Amino acid sequence: MDYLITFLVGGAICGLVQILMDITKLLPGRIMVILLCLGSVLSALGLYKPFAEWAGAGATVPLSGFGNMLFQGVKKAVDTDGFLGLFKGGLSETAVGISGALVMGYLAALVFRSKMKM
């Protein structure tokens, strides 16, 4: 049942984003920022953690989950390090995800050849 909930929630998030892209003329980068900020705001309100516990990876894998992790990292670092935590908390909490994305992007660039579209 957990897999079904995860699949449905992740699919619903992706479906809502696709509808947002089709209905509005927002660029994908702006939609990504909206998802990131939405995850941060929901985390600040204390709503994202219960949602993520219920939905599992369906809520933590999309960009809203990344916004949640950024907020949690900043919150934890500000509590321990004060003002400097604003600058290092988000990166220290999400370092594995950022590093993984960089390494996989580099490997994909080595394997595939990009071509200019005319």
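## Who counts as exposed?

A residue is called buried under 20% relative accessible area, exposed over 50%, and partly exposed in between, using a 1.4 Å probe and protein chains only. Threonine 60 comes out as partly exposed because its relative accessibility is 41%. You'll find threonine 60 in helix α4, residues 57-60 (a helix is a DSSP run of H or I with at least four residues, numbered from the N terminus). Threonine 60 and threonine 6 sit 54 residues apart in sequence, and their C-alpha atoms are 9.6 Å apart in space.

## What you're looking at

This is a predicted model, where local features need pLDDT of at least 70 and side-chain atom pairs need 80 or more, while totals for chains, interfaces and linings use all residues. Numbering starts from 1 along each chain as its sequence is written, and side-chain values use heavy atoms, leaving out hydrogens and water.

## The largest pocket

Among the residues lining the largest pocket are Ile13, Leu35, Tyr48, Phe51 and Ser64. Helices α1 (2-23), α2 (28-44) and α3 (48-55) each bring at least two residues to that lining. Sorted by class, the lining has 10 nonpolar residues, 1 polar and no charged ones (Ala, Val, Leu, Ile, Met, Phe, Trp, Tyr, Cys and Pro count as nonpolar, Asp, Glu, Lys and Arg as charged, and the others, Gly among them, as polar). A pocket here is an open set of points on a 1 Å grid where a 1.4 Å probe fits, with protein on both sides within 12 Å along at least five of seven lines; lining residues have an atom within 4 Å of a point.

## Valine 111

Valine 111 belongs to helix α6, residues 85-111. At 60% relative accessibility, valine 111 counts as exposed.
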